[in-house]
Amino acid sequence: MFKIIQILKAYILLFCLSILTLFINAEIPLGPEGKPDLNGVWQVMNRANYNLEAHSASASLQLVEGPVVPLPHPDILSLGSVGSVPAGLSVVEGGLIPYKKDALRLRNENKKDWLNRDPEIKCYLPGVPRATYMPYAFQIFHSSKAMFFAYEYAGATRNIFLEDPGPAPVDSWMGQSWGFWEGNTFIVKASGFNGQTWLDRSGNHHSEKLRVTEKYTLLNPHLMDYEALIEDEDTFTRPWKIKMKLYKKIGDDAQLQQFKCVEFVEELIYGEWRAK
Amino acid sequence: MINLIYKISAIISFSILSLNISSHHAFTAEFDANAPINITGKVLKVEWINPHAWVHVEVEEKGKKTTWMVEGGTPNTLIRNGINKESIKPGTVIVVRGYQSKGKLCLPRCIANGRDVTFPDGRKVFMGSSGTGAPRDGADPRERR
Amino acid sequence: MVSGVQNSLLIIFFLCISAFIYSEDYQPAKTWFGDPDLQGVWTNASLTTLERPDYFDSLEISEEQVIAAKNNSERFNEALDNPYETGETPESGGDVGGYNVAWMDPGNDFIKLNGKYRSSIITYPENGKLPRRLTRWAIEGPSIYRMFTRADHPEERSLGERCIVGFGSSGGPPMLNVLYNNHYQIVQSPGYVMIMVEMNHDARIIRLNSDHNPDNMKPWLGDSVGWWEGETLVVKTINHHPQQKFRAAIRHQILMMEEAEVTERFTRTGTNEILYQFEVNDKKAYRETWKGEMPLRSTNSKMYEYACHEGNYAMANILAGARAEEKQ
């Protein structure tokens, strides 16, 4: 009898210790309802916004024929190295985006006409998943009642519904998102896009049939794993994924700044109609 | 005396802005009060966008087809009242009364405001959930959690 | 020694259990990190305007006055929605107007606080009017003139038309009701309160117990910091954007100089209501500090994307139309 009690106490101790580790484990901070705390200001440290696929450094995002090598487009020339493109590795699983033939042709045309076609130039909302890897931070507000993303670029926002609201009533730039937890990963399903955003500055694009399934997994207090599954049967031959890391900003300047940018592009968009 | 000056000042400012209450912000700047329109045509598509939704209407007159872009309001109110992108199907016949834009080139489309948009039988095309508009200010307890 | 070990194990066991129970303890009226819970989607739509109309002579008004005003409002809306007779073509030189009433959502009732209807959002000065300085015309005059008579440059149009912030002071502070899209979503996380303003999808991120940023940083909607005083969130905003001086909407026209200080107070007064109070201290624009209050009412309505700049055909039409007129 005494032995049975001893064994029982040992099992209870083991059980409690394993429960305790959930709370004293400093690796993953816990938020509402005991889920990993996604709150914070986050940003990528990669070149995905230049080009999701692997790319060498180049003179500019839009080139024209030169006497020896391609040259920056005249509208970018005076920026010098500020207008150049740094090298980057692919964030696409498998390396290349699996375009359909016509869609690949459109991507290449987009690339050649970047100045006129990239919605980022006009400060249009970035869409999903591009908002995640813009060279600007974003802040997650994670509470028991909401999961809200505020992006510095163009003041874009996403309220992630915590229950499936059904199909989006109208299409939009940032789409309609709803999310749920699967273990310690927060999964977001986004759809209802208007097809007018790009995936990066290199002409990679999609249609209004785009659906994105994102996975946010906290690896430690300052590092998150981000993965997005992209589906669009009009544009791609199959679903494909991008993967990257999100880094949490810490310190006094870990504050989302404001970059509405609309006021900076009024001359570009409306300048031709100014009074002379 | 000072109070009288303040009162006159308030009346002047209220009057200036009241002139524009029914004109509503940008409309007098955008549309020509001397170019009224009364057109009947088929809906080609609806852009449910902000700050204004746009209804593209094809009008056929004496064998010639002209496309009009008709400006509406913010779609958010109507979406909250149950409207969606399938609500107004291409081919629907509507009557638009309003005013043409000051730029009249009609390249590529003519532009007008939809001061009053109805079906041919006079019913409003854009309705709230009850009658003309269903304002939601939380006063109705049925709207609350 | 064996019983000493057993006792220690039992103590650890009970500590485990109590730690487990403590972590599960969530108060419905507080957020998960212990701040009063203001979260949800709220609306400030109402028929009550910022300033008191002249036909009301007191802050609190009777049910009869409200019914009369609502009837007038309904008649006005009916006329607005039916500007023409059946088959009638609009007349040349007529009022260009806007669009059918269904697009609008101004509210269908007056503000009710402490069981009484209110004729104005302003509570001080007691006459319900803004204590404007005469020098206001130096700022308002040119702005009004440009906005309603000229279309030379996009920067001269209102901020709502430019799709930079919402019309008037929709985004605040103070956050005032306009003709439509009067929705605000509040989400709280440790150290922050975020208020998402429907127009123009602006997230006001209020840093709690923090310092203001340097004075040379003057963001749109100003620089806001907050703190809790008991159950009330107090938000102080300074360093307003220089282009946000004149905030004009159909229901309110206010001045807000860069140096103004706006203090807002949010107090949850019930499951479905937040009492929103504010005071504006702007010595350059006003003779004295003015104050106002209104309820934010919870709503089941969803907020939808207000991507304004992306679809702003109107701005191009306004400018192009003005250039076309000049050529005539």
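Predicted model: local features only at pLDDT ≥ 70, side-chain atom pairs only at ≥ 80, totals over all residues.
**The whole complex**

Begin with everything displayed. The predictor assigns the complex an ipTM of 0.90, together with a pTM of 0.89.

**Chain A**

Select chain A and colour it by secondary structure. Five helices and eleven strands make up its secondary structure. Along the principal axes, the C-alpha atoms of chain A occupy a box of roughly 95 × 40 × 40 Å. The chain has 276 residues, and 38% of them count as buried. Among contacts in chain A with a separation of 6 or more, 62% join residues 24 or more positions apart.

**Chain C**

Move to chain C. Here there are five helices and 15 strands, and the C-alpha atoms fill a box of roughly 105 × 50 × 45 Å along the principal axes. Of the 328 residues in chain C, 46% are buried. Contacts between residues 24 or more positions apart account for 61% of those in chain C with a separation of 6 or more.

Now colour chain C by pLDDT. The average is 90, and 91% of the residues score at least 70. Then select residues 18-28 of chain C, where the pLDDT is below 50; this stretch has six contacts in the model beyond near neighbours in sequence.

**Where chain C meets chain B**

Show chains B and C together. On the chain C side 67 residues are in contact, and on the chain B side 63. Helix 5 of chain C gives the most, with nine residues. Colour this side of chain C by residue type: 30 of its residues are nonpolar, 26 polar and eleven charged.

**A last stop: B:Asp116**

Select B:Asp116, which lies in strand 6 (residues 116-118) of chain B. Is this residue buried or exposed? B:Asp116 counts as buried because it has 23 C-beta neighbours inside 10 Å, and the cut-off for buried is 20 or more.

Leaving aside residues up to four places away in sequence, B:Asp116 touches B:Arg97 and B:Gly98 in chain B, and C:Pro83, C:Tyr84 and C:Asn100 in chain C. Finish by selecting B:Val96 as well: it is 20 residues from B:Asp116 along the chain, and the two C-alpha atoms are separated by 6.1 Å.

Conventions. Residues numbered from 1 in each chain as written. Chains lettered and ligands numbered in written order. Contact = placed C-beta atoms within 7 Å. Helix = DSSP H or I, 4+ residues; strand = E, 2+ residues; numbered from the N terminus. Nonpolar A, V, L, I, M, F, W, Y, C, P; charged D, E, K, R; others polar. Buried ≥ 20, exposed ≤ 12 C-beta atoms within 10 Å, placed from the backbone. pLDDT = per-residue confidence, 0-100.
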